[in-house]
Amino acid sequence: MAEIEATTGGTLALALPFIAAALAPILRRIFGAYAAWILALAPATAFALIFTFLPTVTAGGVVSFGYEWIPAFDVRFSFRIDGLASTFALLITGIGTLIVLYSGGYLAKHHDQGRFFSFILMFMGSMLGLVLADDLMTLFVYWELTSITSFLLIGFDHEREKARRGAIQALAITGGGGLALLAGFILIREVAGLNSMTEILAAGDALRTSPYYLPIFVLVLCGAFTKSAQMPFHVWLPNAMEAPTPVSAYLHSATMVKAGVYLLLRTQPALGDTALWTTVLPLFGSVTLVLGALLAVRATDIKITLAYTTVASLGLLVILIGVSTEYALVCAVL
C-alpha cells in the first residue's frame, strides 16, 4: 500500500474551518447574512483539497501527515486519509458547505448569527479532525471537541430552559462515552503498544488475541454507542433537537451521530470478526432500529420524528457493521 506525505494540503483542509470560525463574527458585522457565502468557501475549499487525494486513495494508497506533539509519551498530532476517512471527510465538508449557506438564510435576522457561524464551523473542523486523525490521542481530542461544540450549538438559544437542558444532557452522555473511549485507547497503548490507527490496522489479530480484548471492546463500544445514540444512550438525541434547525440537519442527522459509526468501521479490522462483535453489535443495533422506528411513528413533532428515524437508521448501520461481511460493510458505507 503506497503512503504519501501531504502536509500542506491536508493541514490547510483541517485548518480552514477553524480560521473561518475565528473570522465569522467580523464578517457577519461587515456583510450581514451575506457573510455565509464567504464563510462557505472554507468548507468548499477543504472539500476540494480532500478531493485531490482521491486518485491516491482509490488506488489503495494512504495520504499521511502530522507533527510531533508530546514526544516523551510518543504522542503525535498525526492524520491519515484513506478510503474510509475521505468518504466521511467529503460528507462533512460537502454537507457543511450547504449548511453554512442554509444558516445564512435561516438565521438572517438573528442578532447572534455571527456566533452561530463560529460554533458551526468549529464543530465542522472538530468533526473533520476526528475522521482524519491517526494518533489515538489526537482522535480523542477531536472526539471531545465535537462534544463541546455540540453543547454550544444545542444550547445556542440559551435563554430557553429546554435548550440548556438538552445541551447539558448531550454533553454528559457523549462526554462520558468519550472518557470511556479514552480509557480504551490507553489500554490499547499500554497493553498492545499501539499508538495510532495505522499501527492498529497493521497489527492483525494483536487486539483480538489479547487477554484485555473484552475491556477494550466494551470501552470502545461505550464511546461509539453514546455518540451514535444507540439504545439505551439514545435519549440525548431527541432533546438535542431543541437546537436551531441547521444544527439538527448537520450535527444530528448527517455528521456528529456518525462519529460512533465511523469509529466502529475504523476499528472493525482490529476488533471485529469475533463472536462478541458479531453478537453485541447486531443485538444493540436491532433493538435501536426497531424501537427508534416505533418511537418515530408515535411522535407528533416533525423534528422529534426526524430524531427517532435517525436513531433507527444508526441502528441499521450498527447491525451491518456487526455482521461484518464484505457486502454488509459496503452497505453500511453506502
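1. Helices (H or I, at least four residues) and strands (E, at least two) are DSSP runs, numbered from the N terminus. This is a predicted model, in which local features need pLDDT of at least 70, side-chain atom pairs count only at pLDDT 80 or more, and totals for chains, interfaces and linings use all residues. Residues are numbered from 1 along each chain as its sequence is written, and side-chain values use heavy atoms, with hydrogens and water left out.

2. Start with a loop. Asp 74 sits between β2 (62-70) and β3 (75-81). Its phi is near 55°, a positive value in a residue other than glycine.

3. Next, a cis peptide bond. It runs from Met 231 to Pro 232, with omega near 5°. Pro 232 lies in the loop between α10 (213-227) and α11 (236-240).

4. Now look at α3 (residues 41-51) and α5. Their axes come within 8 Å and cross at roughly 155°. Axes here are lines fitted to C-alpha atoms, for helices over the stretch in contact, and angles run from 0 to 180 degrees between N-to-C directions. α3 is therefore roughly antiparallel to α5 (under 35 degrees counts as roughly parallel, over 145 as roughly antiparallel, 65 to 115 as roughly perpendicular, the rest as oblique).

5. Which residues of α3 and α5 make the contact? From α3 come Pro 43, Ala 44, Ala 46, Phe 47, Ile 50 and Phe 51. From α5 come Ser 86, Ala 89, Leu 90, Thr 93, Gly 94, Gly 96 and Thr 97. Contact means heavy atoms within 4.5 Å. By class, this contact has eight nonpolar, five polar and no charged residues. Ala, Val, Leu, Ile, Met, Phe, Trp, Tyr, Cys and Pro count as nonpolar, Asp, Glu, Lys and Arg as charged, and the others, Gly among them, as polar.

6. A second pair is α15 (residues 302-323) and α16 (residues 326-333). The axes come within 7 Å and cross at roughly 155°. α15 and α16 are therefore roughly antiparallel to each other. Leu 317, Leu 320, Ile 321 and Val 323 of α15 meet Ala 328, Leu 329, Cys 331 and Ala 332 of α16. The contact of α15 with α16 has eight nonpolar, no polar and no charged residues.
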